[in-house]
Each structure stands twice: as structure tokens, then as C-alpha cells.
Amino acid sequence: MHVPDGFIDAPVSAATGVLAAAAVAVSLRGARRELGGPEAHAGLGAERTAPLAGLVAAFIFAVQMLNFPVAAGTSGHLLGGALAAILVGPYTGVLCVSVVLLMQAVLFADGGLTALGVNITDMAVVTTVVAYGIFRGLVKALPRGRRAVTAAAFVAAVISVPAAAVAFTGLYALGGTTHVPIGTVFAAMTGVHVLIGIGEAAITALTVGAVLAVRPDLVYGARGLAKPLQLRTSPLAGPVAGAGEPGSGPSAAPGAGPRPAGARRSARRVWLAGVAVALVCAGGVSYYASTSPDGLEKVAQDQGIDAKAEEHAAKDSPLADYSVKDIADPRISGGLAGVIGVGATLAVGTGVFVVVRRRRGAARGDADTDTAAEATTEAGSAAGTGTTVGDAPAPPRHTPESA
Amino acid sequence: MSAGHAHKLYRHGHSPVHALPPHCKIAAVLCFVLAVVATPRTAVWTFALYALLLAAVAAAARVPAAFLLKRLLVEVPFVAFAVLMPFVATGPRVHILGTALSEPGLWGAWNILAKGTLGVAASVLLAATTDLRGLLLGLQRLRMPPLLVQIASFMIRYGDVIADELRRMRVARLSRGFEARGVRHWGVLAKTAGALFIRSYERGERVHLAMVSRGYTGTLPVPDAAAATGAQWTRAAALPAAALAVCLLGWTL
């Protein structure tokens, strides 16, 4: 609702012009404080004002182009006064909306040059100040929390738009160029703007909520509501951060101690669990396994490939066909065969592993003593290998090769 | 980003109007609009003279009439308001085509239409013949606070960037099959606005740091454009002087 030239008479236009100039001058000073950041109180950071206020003004300019569909093809757009006040503070809000109005008047001929004072007073000053006042009061009165901030933003915006309409009616009563009954102007302006205000409020509240969810520190109106961040030191942080970083130097040494023990324990636990699962499967669950031939046997049977197949050489062994020879009960027979199989596999596998490990350990014995100094800064896994090669062979250990 | 960064209304050209210093033009347009607003609405013929003056300026600036008329559409919302006036205003009634219309209301509607249109036309001519940088420098030479000029220039320079960001978000929404159809979809659009604010603010912080690292201390050096000569002021004053004469004639006749 940009007022054009000739709508309000000259004295009132001039008076609002002076008022608008004063408001902008005050806002320029206040915006420096609002945008100055943490250094503002020290007199520094004032040079932040121009880029930040300029970008916020560009944001308001752009967000006015964002169309919100209402119903049946009609759509509205945000006015942005209340939103600017809540997001960046009242002074910056007045300043940015004023700059947007000035540029719209000069560049886009939107709103008259002589009516600039009226437009700034009405749309920048009244909207922003009313919105921020209500918002701040509500935030103080309501319990803390994001929901309260969003609700306060809604109420602030829903009142700020009709407030601008009322201010416009007042200006029109003072300096309107046509004698329309003030009651009519008031009813028409306020009625329309209450509807606009509801839309504006919904969008403003949703937008403030969206910003609050991502960057709560950017919402000026909600500053001081967030709990200050606490630095908590976690007991887990030391070992985890210290281990395994080759470049972390001496700080890695204290962390290196518990790590191999933990690794060994967990490896042994895995090993034991694996053996237990294998025994359970082989001894108990195997009874329920399918008795029909597996895929390869089936194909061989179908195609007659197995016609020439000879009986296995070990067919007379005590464990042939996965059952123990002299036990009648099929369940116990199959289970026992499985358990014996697991045990045998384990024994053979571990034996091979132990032989390989011992041979490697002997080959590396000399090299170990030379590199012992460097090994301490390596990941802790290397620390125990030289001395523990012989005992408890089963769990796979971290070796220097694997580290 | 700064030089040749034209706005929508600007029409590049080399006419005598283009060549005038920007601050002369801004002052001239402001005085012209003041004269128009001060004219009594009953002097109908004066507004025709004002329109002729503007037409002469447009011809001198080689701005086509179609361009000017198209840009006048900005005024449409207030035309609707003006059309309503004869129906709601009080005062003696005149009967036109069987409807009773308020006489002061008719005058009021005429007043708004005539003065508003002339004001918009003058502003469009100013914007069409002055580029952005010129306008901002002109405002600064006319004693607008430098900080305000800086904010305005940042807004103009990054206005297109931010608007493009908004457009990209819209394309992204569309390409994911989202189309806002009603109130239920406001949440998504509001999240767009929120994201746009965060991006704008963070861009502002980056711009500030980039400027500080290049030695910015809060003031921008103003290129010392040569002050307007007396001849240029005289040429720029032709329009408001003529308008003032018309205005005085309107009051006396």
C-alpha cells in the first residue's frame, strides 16, 4: 500500500517527512549497536552495519516477491516490517524497511516522492515499532521456549498491520485531500488490513520458527532466551582422541595403555562367542537342517552326472554322513557328529595359525628391537606383539603388519 | 558488479537528459513533484500543461511513450481506491448516468489520479535516464547520510543476488513436484523465507569480512565526480521552473 503523490496534503507530508528523517537518523545510530556484534560495546564493529543492513534490506525486498497463495487464484505477499523487527531488531528493521521504501520510490516509481515521509512513517516506523513492542512484552510475559517466541511473533504481526492502517487513517484525517468520512476510511482500511494481518502473522510466525530452528542466535528478538552453551568434558574423550593418531606424539602414550587390553578382551569374547555359536549350530540346530540334497547334488542327480560318482573313500569312517556310527538316536548322533566336527576344525585351524605365527615371529625378532622406540608412538596395538606371540594363540591379534 | 549494473527501469542512452549530473536531476524531479502537488485541483488545464512538460522531457531523453505508459501501471492499486471515492465521499451529489456521485469525491478522485500519475511519470523518467550508481551518488551529493547511501547500495547490488536465490529455491521446489496451492502450503514457503534470511545474513557477514580484509573501515571512498556546472544546473532547472510558473498560473487564474 504505497501512498502516491497528492494523496495527503503538503503540510502533513512535510511533517511526516521530518518525522521519518528523525526516525531514520535514530535508527542509524541504533542499528550500529544491533549489528555491531560482540565488539559493539567496545566501539568496534560499527563497520558491520552497512553490509549487514544492506543484505537484510535486500532480503526484505526479495521476500516481498514471495507469493503466498490464499485461495482461488489470489495470493498475497509479506510486508516484512514485523519480520524484520523480530529477526534483526527494531532499529535495523526501521532502517531496512525505510531503505526499501526509498529505493522503491526512486527506482521503481512505487510510492510518490513527496509521500515518502508518509510511507516511511506508516509502513516502516509504525509497523516495526508496534510489532517489536508487542513481541518483546509477550516474550517477557510468556514462559521461555521456542513455541512462546513463535506465538509472540504471530500476535505482534497480527496487530502491527492493522496498527499501520490505523496510523494511515490518522494521517488521512489530518491531511486527506478528499473529505471521505473518517469512519468509512477507518472501517475500510482496518477491515482489509485485519485480513492481511492474519496472513502476515501466520507467515511471520512460521518464518521466525524456521529461522529459530536453524540459527536461534540470529533471531534478535529471542536473544538471551537460549541457554548458554556449556563445555562438558567427557571421560571417554581422552582415550578415544589419543589412540591411533600417528602424529599425535607423546599425548598418545597414556592413551595407548588400555587400548590393546580392550582389543584383546573383545577379540577373545568374539572368539568364544563364535565357538559357542558354531557348537550350538552343529550340535543342536543341524538336526533341523534340510535332508534333501543341496543344489549341486540335486543338479548332479537330475543330469545323471553322479552316475559315475564313487562312494567316498571315507564312507566307512566313524563319522560318515554326519552321524556317529554306533549311536542309534538320530538327534544325538547328528549333534555329536557336528560337535566333533567343530572341535576338529578348530583344532586343525588353530594349529595351522599357531605354526604360521611362530614362524613369522622368529623371522621378525631382530627387527622388533630396533623399531621398538618408534613402535611406542604407533597405535597401541603394536605394543604387546613381541612378548605375547607364544601364549593364547587363538584370538587374531593386531600385528605390526596389520596396524 | 557495480559498473553497468542496470536496474529494470534504466534505459541506456546518450541524450541531453542522460548527460545531466544525477543530483541535478533528482533535485529537479523533487521540485517538479512538489509544484504539481501544490497546484489546486480545480485548475484542470494546468495538469495538461504538466503532462506536456513531461512529454517534452521524455522526447528530449528519447524515452518512447509506450515504455513510459507501461511503467505507469505501478499506480493501478491506487486507481482502484480513487474510483471508489466518488461513491463513499460526502458532500453535494451530482447525478451522472443515473448514479448519485459525491462532487468532492469526484474532485478527490481526479486529484489523486492526476497528481499521482504525474508523480509516477516523473519518477519513471528519472529512473529511466539515470543508472543506479548515478542515483546513489546523486543522493549522497544531496547530503543523504553516507551510511544510508551505503546500505542502499548494498541492497541494490545484492537485491538481484538474493532474488536469484529465491528463484533457484522456487525452481528446486517445482522440480521436486511441489506447488503451493493454498494456505496449507504456507509452512514450506515460510521455511523458504527463513532459509533466505539465513543465507542473506550469512552472506552479509561474508561480505563484511571480505571488505574488512581489504581495508574497509566503515566508509567508502567517494569518487570525486566533477561538481555540476552552472549551465547544467540551469538546464536541469528548466523543468521545475516551468512547473512553478504553471503552478502560480493555476493559483492566480
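Analyst: A:A62 counts as buried because it has 25 C-beta neighbours inside 10 Å; a residue is buried if 20 or more other C-beta atoms, placed from the backbone, lie within 10 Å of its own, exposed if 12 or fewer, and partly exposed in between. This is a predicted model, in which local features need pLDDT of at least 70, side-chain atom pairs count only at pLDDT 80 or more, and totals for chains, interfaces and linings use all residues. Residues are numbered from 1 along each chain as its sequence is written, while chains are lettered from A and ligands numbered from 1 in the order in which they are written. A:A62 belongs to helix α2 (residues 49-63) of chain A (helices, H or I with at least four residues, and strands, E with at least two, are DSSP runs numbered from the N terminus). Between A:A62 and A:L78 there are 9.9 Å in space from C-alpha to C-alpha, although the two are 16 residues apart in sequence.

Within α3(B), the buried residues are B:T46, B:F47, B:Y50, B:L53, B:L54, B:V57 and B:A58. They lie on the same side of α3(B), because they cover an arc of only 140° around the axis, taken from the directions from the helix axis to the C-beta atoms. On the face turned away from that buried side, α3(B) carries the exposed residues B:V44, B:W45, B:A48 and B:L52.

Around this helix, chain B has ten helices and two strands, arranged along the sequence as α-α-α-α-α-β-β-α-α-α-α-α, and 40% of its 253 residues are buried.

How confident is the predictor in chain B? Its average pLDDT, the confidence in each residue from 0 to 100, is 82, and 93% of the residues score at least 70. Within chain B, the lowest confidence is in strand β1 (residues 93-96), with a mean of 70, and the highest is in helix α9 (residues 186-212), at 90. Where pLDDT is low, the predicted coordinates should not be read in detail. For the complex, the predictor gives an ipTM of 0.85 and a pTM of 0.68.
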